[in-house]
There are 2 protein chains.
Amino acid sequence: MRNIKLILAYDGTAYHGFQRQANAMTVQQIVEERLARLFGHPLKLTGSARTDAKVHAYGQVVNFYTQGTIPAERIVLAAKGLLPPDIVVVDAAEEAPGFHARRSATGKVYRYRLLNTRLANPFERNYAWHISTRLDAALMHEAAQAVVGTHDFSAFRAAGGAPVSPVRTIMAAACREIGTSGIEFEFWGTGFLYHMVRNLVGTLVEVGGHRRTPGDFARVLAGGDRHAAGITAPPQGLYLIEVKY
Amino acid sequence: MRNIKLILAYDGTAYHGFQRQANAMTVQQIVEERLARLFGHPLKLTGSARTDAKVHAYGQVVNFYTQGTIPAERIVLAAKGLLPPDIVVVDAAEEAPGFHARRSATGKVYRYRLLNTRLANPFERNYAWHISTRLDAALMHEAAQAVVGTHDFSAFRAAGGAPVSPVRTIMAAACREIGTSGIEFEFWGTGFLYHMVRNLVGTLVEVGGHRRTPGDFARVLAGGDRHAAGITAPPQGLYLIEVKY
């Protein structure tokens, strides 16, 4: 059996997330169904990460096993004719039998986009979180440095997440202005809890709006109390950028 | 009666164009219906230009008459709560009684966006025309200069257009690379025939792909034969940027 790795980019607007669900359309289901035609048998994808409804990806990684003979380098163009235009296979490669999209991953990079303008932009409504009060990106960058290192992230963990350890390691966190109206966060970590990036951003924007100090933010992290943190930022600003192996 | 001018930005993806139609949802209908609640009476918008289904606007201008008393400067924020997120009122002002969004216009600026990458980008599918073969932007810019001035644009006129004079004046035409993967055309003219920008772009990309020379393009314009020109570029790359008065 060949083990095929794909890198997927998708606009998550129309989907109920990556992972297959019984009664809602997901990215996994679409890719499994459409690529099955190419390989001539049902496919079962393993994804590197769940992404929630309306969350996007530039670099979601999946793998699957096949006895099909299509060369890896032909999959990218063949998939183009089978998939809807909001899902693109950007790379395909054959991996060793033991490669596992989720368990082999050593890190992930997520980006979160804010649109910081007085008025909303109709072209950004599905691709960023619009905040009309002026935010201080440098102050958010300063505050975000508190998450770098190994910490208990209970304060930024969704209530409904799986019962796993709340300890995660973040290698880098950044916040920067993009042009005159955009602000982007980027987090590189070994792994992330459910809603962790969105909960971090929902609290960091309070720092950016001068409603908390960077010191307050560090104390929320250290305290481990979800109720002390801010809201969960909305899904449409979140992008899975890269999975590292 | 007060004469109110609005500048509208909209993502045209979900609409059958600007102008009201009997059996399809249009931008005009949505804005008329939603803003009627604000003014307390039915509104009749006059738009500066039709935009086709899936065509976008950053600066569509409309005007309407009202006896409502809401100050112009309050309309922008009030509209935000009434309109869907793909239509935004970016400015509102009171004009002299004779101001007419279409007839008072002295010029319009349209932009057309190409995505020139091997693979499609799922985030650009509704916002640019994806062309995977490499295009020469400098050569398209050179060719586009032929349209500057006053010309008979019959070669770039849609078959189904209104029976108006095919003569139009173009003040400026440009084509430039945006980053590593984008190419933008911009046309500033006193007026445009139906599908004219899309027909110009559909022919200019043949120059960019070295299938016609700039001289060929100029001869197509001079010849006035629609069949000698290229295809109509798809609607999702077109943006009404600005209307000049």
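How much area do domain 1 of chain A and domain 2 of chain A bury between them, and what share of it is on carbon and sulfur atoms? That was my opening question for this predicted model.

**Entry 1: the two domains.** I looked up the bounds, and the domain assignment of chain A gives 2–95 for domain 1 and 107–244 for domain 2. Their C-alpha centres lie 27 Å apart. I then got my answer: the two domains bury about 1200 Å² between them, with 59% of it on carbon and sulfur atoms.

**Entry 2: who meets whom.** I see 16 residues of domain 1 of chain A in contact with 15 residues of domain 2 of chain A. Between these domains I count 12 residue pairs in polar contact and one salt bridge. By class, the domain 1 side that touches domain 2 of chain A has six nonpolar, six polar and four charged residues. I also checked Asp52(A) again, and it forms a salt bridge with Arg198(A), with the closest N and O atoms 3.3 Å apart.

**Entry 3: a stop at Ser104(A).** I found Ser104(A) in the loop between strand S4 (87–95) and strand S5 (107–115) of chain A. Is Ser104(A) buried, exposed or partly exposed? I noted it as partly exposed because its relative accessible area is 26%, between the 20% and 50% cut-offs. Leaving out residues up to four places away in sequence, Ser104(A) touches Gly98(A), Phe99(A) and Tyr245(A). Last, I checked Leu35(A): it is 69 residues from Ser104(A) in sequence and 23 Å away in space, C-alpha to C-alpha.

Technical notes. Residues are numbered from 1 along each chain as its sequence is written. Chains are lettered from A and ligands numbered from 1 in the order in which they are written. This is a predicted model: local features need pLDDT of at least 70, side-chain atom pairs count only at pLDDT 80 or more; totals for chains, interfaces and linings use all residues. Side-chain values use heavy atoms; hydrogens and water are left out. Helices (H or I, at least four residues) and strands (E, at least two) are DSSP runs, numbered from the N terminus. Buried means under 20% relative accessible area, exposed over 50%, partly exposed in between (1.4 Å probe, protein chains only). Contact means heavy atoms within 4.5 Å. Domain bounds come from an automatic or database domain assignment. Buried area is the accessible area (1.4 Å probe) that two parts lose on being put together, summed over both. A salt bridge is a side-chain nitrogen of Lys or Arg within 4 Å of a carboxyl oxygen of Asp or Glu. A polar contact is a pair of N or O atoms within 3.5 Å; within protein, one must be able to donate a hydrogen and the other to accept it, and residues adjacent in sequence count only if both atoms are side-chain atoms. Ala, Val, Leu, Ile, Met, Phe, Trp, Tyr, Cys and Pro count as nonpolar, Asp, Glu, Lys and Arg as charged, and the others, Gly among them, as polar.
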